[in-house]
Amino acid sequence: MKLNQKQLAWWRRTRRNGKLRFVLVRGVLGWGLLLAVFWSVVTHLLSHGANGFMSQDFYQRLLIALALFPVGGLSLFLWLWFQLERAYSEQQDEDALNAS
């Protein structure tokens, strides 16, 4: 993966905040929880229409999604952290070679 200058600047700012914040805020909260709620609502609307949001079926679906999607976000954003770190390191090495 090759990062352009805008992506490099973004990654420098992001990595200063640390891996834990990146994974928890962007992965677990930003991706996992939001997608869990969105998925639960959409699948409920597709199967039941706008009726029955107070039903046990909706809450079961939501609870399962709230347990699984954040785990997916954790895994995905940990993987993404390592991919971006590798690309950043390669870019830094390439820049150092070009500078000398």
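**Core, ring pairs and surface patch of a predicted model**

Gln91 lies in helix α3; helices here are DSSP runs of H or I with at least four residues, numbered from the N terminus. The model is predicted, so local features need pLDDT of at least 70 and side-chain atom pairs count only at pLDDT 80 or more, while totals for chains, interfaces and linings use all residues. Residues are numbered from 1 along each chain as its sequence is written, and side-chain values use heavy atoms, with hydrogens and water left out.

Gln91 is buried, at 7% relative accessibility. Buried means under 20% relative accessible area, exposed means over 50%, and partly exposed lies in between (1.4 Å probe, protein chains only). Neighbours within four places in sequence aside, Gln91 is in contact with Lys2, Leu3 and Leu8. Contact means heavy atoms within 4.5 Å.

Two other residues were examined in the same way. Ala87 touches Met1 and Leu3, again not counting residues up to four places away in sequence. Arg61 also sits in helix α3. Its relative accessible area is 17%, so Arg61 counts as buried. Beyond residues up to four places away in sequence, Arg61 touches Trp39, Ser40, Thr43, His44 and Ser47.

The largest nonpolar core has 10 residues: Leu3, Leu8, Trp11, Phe22, Val23, Phe77, Trp81, Leu84, Ala87 and Tyr88. Such a core is a set of buried Ala, Val, Leu, Ile, Met, Phe, Trp, Tyr and Cys residues, joined through side-chain atoms within 4.5 Å. At least two residues of this core come from each of α1 (5–16), α2 and α3. Helix α3 gives the most, with five residues.

Aromatic rings were then paired. A pair of aromatic rings is described by the distance of the centres and the angle of the planes. Rings of Phe, Tyr and Trp (its six-membered ring) pair if their centres lie within 6.5 Å; planes under 30 degrees apart count as stacked, over 60 as edge-to-face, and the rest as tilted. The structure holds eight aromatic pairs. One of them joins Trp10 and Trp11, which are tilted, at 5.6 Å centre to centre with 45° between the planes. Trp10 is partly exposed, at 28% relative accessibility. Trp11 is buried, at 0%. The rings of Phe22 and Phe77 have centres 5.5 Å apart and planes at 55°, so this pair is tilted. The pair links distant parts of the chain: Phe22 is in helix α2 and Phe77 in helix α3, 55 residues apart. Phe22 is buried, with a relative accessible area of 3%. Phe77 is buried as well, at 12%. Ring pairs link Trp10, Trp11, Phe22, Phe77 and Trp81 into a cluster.

The surface carries a nonpolar patch. Leu20, Leu24, Val25, Leu29, Leu33, Val37, Leu63, Leu66, Leu74, Leu78 and Phe82 form this patch, with about 930 Å² of accessible area together. Helices α2 (19–48) and α3 (56–99) are the elements that give two or more residues to the patch. Helix α2 gives the most, with six residues. Patches are made of residues with over 30% relative accessible area and no salt bridge; like charges are joined within 9 Å, and nonpolar side chains (Val, Leu, Ile, Met, Phe, Trp, Tyr) within 5 Å. A salt bridge is a side-chain nitrogen of Lys or Arg within 4 Å of a carboxyl oxygen of Asp or Glu. Accessible areas come from the Shrake-Rupley method with a 1.4 Å probe; for residues, only the protein chains shown count as cover. Leu74, found in helix α3, is partly exposed, at 35% relative accessibility.
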